[in-house]
Every structure is written in C-alpha cells, then in structure tokens.
Amino acid sequence: MRQRLSIPSGTDGFVKRHRNHGPIHTSHTHDELELNLVLSGTASYLLNGRAQALQRHALIWLFPAQE
C-alpha cells in the first residue's frame, strides 16, 4: 500500500515518535526515505522476504518504494 507522508511545505522532512500498540502486519511504501530508530524494546521487519530483528539503539533505513 502506498502511503503519503504529511511533510510540511518548506521542509525537507520531519520526525515522528511512534509507540508500539501491537503487531502491524501490513506492508507499505512511500516516495520518501524512512529512518527508524529503536529507542527501547525490539522491532522486527520483513524485508525482501527476510526477517530483520532490531534491538534497542538499532537504526534501519527504508528506501523509497522498498516494502
């Protein structure tokens, strides 16, 4: 599913804090580069058919059009 980010005009991007409220099982893409930093706990992403487990302080780059 293609998502459209609400980046304020006149800016190059934004920061959003997300709190986990349970597993998300839908994939999405968008036109912008996405960086996700795990501040606490763990995260798991399915990228190119491979599960990627992330621990606290891990950073993952998700490129445009990458599910």
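In the predicted model, His57 is found in the loop between strands E3 and E4 (strands being DSSP runs of E of at least two residues, numbered from the N terminus). The phi of His57 is near 75°, a positive value in a residue other than glycine. At 56% relative accessibility, His57 counts as exposed (over 50% relative accessible area, with a 1.4 Å probe and protein chains only). Asn48, in the loop between E2 and E3 (50–54), also has a positive phi, of about 55°, although not a glycine. Asn48 is exposed at 72% relative accessibility. Most residues other than glycine have a negative phi.

The model is predicted, with pLDDT of at least 70 needed for local features and 80 or more for side-chain atom pairs, while totals for chains, interfaces and linings use all residues. Residues are numbered from 1 along each chain as its sequence is written, and side-chain values use heavy atoms, without hydrogens and water.

The largest pocket holds about 1,900 Å³ of space. A pocket is an open set of points on a 1 Å grid over the protein atoms alone, where a 1.4 Å probe fits, with protein on both sides within 12 Å along at least five of seven lines; lining residues have an atom within 4 Å of a point. The volume is the space filled by probe spheres set on the points, which are joined across faces, edges and corners. Of the 45 lining residues, His18, Ile24, Glu34, Asn36 and Tyr45 are the closest to the centre of the largest pocket. Strands E1 (34–37), E2 (43–47) and E4 (59–62) are the elements that each give two or more residues to this lining, and E2 gives the most, with five.

Conventions:
Helices (H or I, at least four residues) and strands (E, at least two) are DSSP runs, numbered from the N terminus. Buried means under 20% relative accessible area, exposed over 50%, partly exposed in between (1.4 Å probe, protein chains only).
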